Amino acid sequence: MPDFTENSGDALGQTLVVWMLDNRPALDERMRQEGSRALIQEFMAAEGGVLPNPDERLDRARAASARAWLSHLAAAIEANWPDAPTGLGETMTNYLIAGDERLEALRLDEEARAEQRGRAADPGDERREVELRSLGRLFAEGIGGSCKPGGDEGPAFAKRVTEWQSEHLLRNRELIDAAIARTTPEGLSGSEEAATLWERAPEAARAREAALLWARVQFLTEAVAAGLAEAGAPTSA
């Protein structure tokens, strides 16, 4: 495991990103699991007479892909942050699966914030941003609750992460532009494993979704790494 003796958030963030890319087979497996789970939910809803529209299918595919990436990120933290508790990857996977109620509360808060900022020109982009911001906050709360960096509990650590993101919006823009520029339909992040979820989306839309999701994951990774480095090791209870 790397030794981050200088408490460098930049170094940790880079290490986490490289680890996630180097361990692509694990991501593909997480994509497969999340895709299966999302399809089961869709079938159950259909049996109850609720047929999802194209926007709902896209939202479900987006959320499944994001949860797979976040579980992958948790595994990266477990493997590379010296103070991570054993089993953090599995703990966070279960936390994200069981977090629907908390996620809905965060989603409502993000929707209210979006209203304050003003409506986006593309409603689909706004839905994506609300969903990914909400999932990012849920993930940060789970990391805080599991790792307690510097004594921070879940909401306190999530606040630390979101404040870092607010201070680095230019970095977010850079990551989005870079991801879109280099992503092709043939190189979709995890799309092959989640093919049954994405198959009804146009190929160009799938490529853009994958690029934007990867950019958001990188931005969250850097924010979480900075938060871990700034907070330091967990404090004893």
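This is a predicted model: local features need pLDDT of at least 70, side-chain atom pairs count only at pLDDT 80 or more; totals for chains, interfaces and linings use all residues.
Colleague: Why is leucine 73 called buried?

Modeller: Its relative accessible area is 0%. Buried means under 20%, exposed means over 50%, and partly exposed is what falls in between, using a 1.4 Å probe and protein chains only. Leucine 73 has 0%, so it counts as buried. Residues are numbered from 1 along each chain as its sequence is written, and side-chain values use heavy atoms, with hydrogens and water left out.

Colleague: Which residues does leucine 73 touch?

Modeller: Contact means heavy atoms within 4.5 Å. Skipping residues up to four places away in sequence, leucine 73 touches Leu16, Met20, Phe139, Leu220 and Thr221. Take leucine 16: it sits 57 residues from leucine 73 in sequence, yet the C-alpha to C-alpha distance is 7.3 Å.

Colleague: Where is leucine 73 found?

Modeller: In helix H3, residues 54–80. Helices are DSSP runs of H or I with at least four residues, strands are E runs with at least two, and both are numbered from the N terminus. By that rule the chain has 10 helices and zero strands.

Colleague: What makes histidine 72 buried or exposed?

Modeller: Histidine 72, also in H3, has a relative accessible area of 0% and is therefore buried. Its contacts, again leaving out residues up to four places away, are Trp19, Met20, Asn23, Ala26, Leu27 and Arg30.

Colleague: And arginine 128: why is that one called buried?

Modeller: Its relative accessible area is 7%, so arginine 128 goes in the buried class. Arginine 128 sits in helix H6. Beyond its neighbours within four places, it is in contact with Arg62, Arg208, Glu209 and Leu212.

Colleague: How many aromatic pairs does the structure hold?

Modeller: Two. In one of them, tryptophan 164 and phenylalanine 219 have ring centres 5.7 Å apart, with 50° between the planes.

Colleague: What makes that pair tilted?

Modeller: Rings of Phe, Tyr and Trp (its six-membered ring) pair if their centres lie within 6.5 Å; planes under 30 degrees apart are stacked, over 60 edge-to-face, and the rest tilted. With 5.7 Å and 50°, tryptophan 164 and phenylalanine 219 make a pair, and it's therefore a tilted one. Tryptophan 164 counts as buried at 16% relative accessibility, and phenylalanine 219 is buried at 2%.

Colleague: What is the phi of lysine 148?

Modeller: Near 45°, a positive value in a residue other than glycine. Most residues other than glycine have a negative phi. Lysine 148 lies in the loop between H6 and H7.

Colleague: Why is lysine 148 called partly exposed?

Modeller: Its relative accessibility is 32%, so partly exposed is the class.

Colleague: How do you know what counts as a cavity and what as a pocket?

Modeller: On a 1 Å grid over the protein atoms alone, a cavity is a set of points where a 1.4 Å probe fits but cannot get out; a pocket is an open set with protein on both sides within 12 Å along at least five of seven lines, and lining residues have an atom within 4 Å of a point. Three cavities reach 30 Å³ or more.

Colleague: How does the lining of the second largest cavity split by class?

Modeller: Seven nonpolar, one polar and one charged. Ala, Val, Leu, Ile, Met, Phe, Trp, Tyr, Cys and Pro count as nonpolar, Asp, Glu, Lys and Arg as charged, and the others, Gly among them, as polar.

Colleague: What is the class count for the largest pocket?

Modeller: Eight nonpolar, one polar and 15 charged residues. About 550 Å³ of space lies in that pocket. Of its 24 lining residues, Asp59, Ala63, Leu103, Arg107 and Glu131 lie nearest its centre.

Terms used:
Grid points are joined across faces, edges and corners, and a volume is the space filled by probe spheres set on the points.
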